[in-house]
Amino acid sequence: MKKTLVLGGGGITGIAWHLGVLCGLQRAGVPLGDADTVIGTSAGSVAGTIVTAGVDLETAVALQEQEVTTDRPARTGGNGEWLTAMAVLADPSVPALQARVRVGAMALAAGLDEQAYLARMESVLPVREWPERDLRIVVVDTADGSDVVLDARSGVPLLQAVSASCAVPGLMPPVTVGDRRYMDGGVRLGAGADLAAGAERLVVLAPLSMLGRDRIVAEIAAAGAASSLLIEPDAEALAAFGQNVMDPARRPAAVRAGLRQGEALADAVRATWL
């Protein structure tokens, strides 16, 4: 019976919350790390790499719980550009693919330093090689707005794949792969659950569900799993995220909120997953 775990985008606080939920569930005896397939988008690509690589979740959570004093948000651009991109993506009068192309052009025009960004992302990833497990990372082509799913067979280095999936337009530069430039898979909006076709049991973690819950629910329905569950941040978790999901100072509160939710949701996840 194929089990698929989908981890959506959510910035720095989303990474922390993902890891907290997964660790909380593991503590409660429901390890989602045994998924046959993990699909990660943006923040979910980082958490998905950690899970599929077999990195100890307790250690990962402990790192997230450390207070940040000198670090800066993992971005190199400004919030204004990202807000403009979001406005384009959310405009119902612009077809989705056309909106992505516009945002891709904006991301390229920002002229941010790709090599500096990759160097920063290298410090975030605990592994350098693709895990043996079935990890799929979602990115978007800046040129035509198409969805691209990268995995170990794609020939793209893991660092580039994760960095591209996390490359928020206006905040981070698109990442070069061959003759293409890829940006944040979160530009698709939703959580990527529609890419889980073939799953029989499906669990979706969506840190940014408040920005498009109906879309995510539709994605889950499109996947057609016999059993599915959407896990989204509760009010306490949203308060922990604060107003800026790229603020590393919010990581400790976000991971603790995830731990609490994971333990609280263990029975519901067990009924779906096991």
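Methionine 210 counts as partly exposed because its relative accessibility is 44%, where buried denotes under 20% relative accessible area, exposed over 50% and partly exposed the range in between (1.4 Å probe, protein chains only). The model is a predicted one, in which local features need pLDDT of at least 70 and side-chain atom pairs count only at pLDDT 80 or more, whereas totals for chains, interfaces and linings use all residues. Residues are numbered from 1 along each chain as its sequence is written, and side-chain values use heavy atoms, with hydrogens and water left out.

Methionine 210 is located in the loop that lies between strand 7 (201-205) and helix 8 (213-223), helices (H or I, at least four residues) and strands (E, at least two) being DSSP runs numbered from the N terminus.

In helix 3 (residues 57-65), the buried residues are Leu57, Ala60, Val61 and Gln64. Viewed down the helix axis, the buried residues of helix 3 fall within an arc of 100°, so they line one face of the helix; the arc is that of the directions from the helix axis to the C-beta atoms. These buried residues pack against helix 1 (11-27), helix 2 (43-52) and helix 10 (251-264), contact meaning heavy atoms within 4.5 Å.

The largest nonpolar core comprises 62 residues, of which Leu5, Leu19, Leu32, Ile137, Leu158, Val162 and Leu205 touch the most other members; such a core is a set of buried Ala, Val, Leu, Ile, Met, Phe, Trp, Tyr and Cys residues joined through side-chain atoms within 4.5 Å. Helix 1 contributes the largest share of this core, nine residues. A second, separate core of 15 residues includes Ile39, Val138, Ala199 and Ala225.
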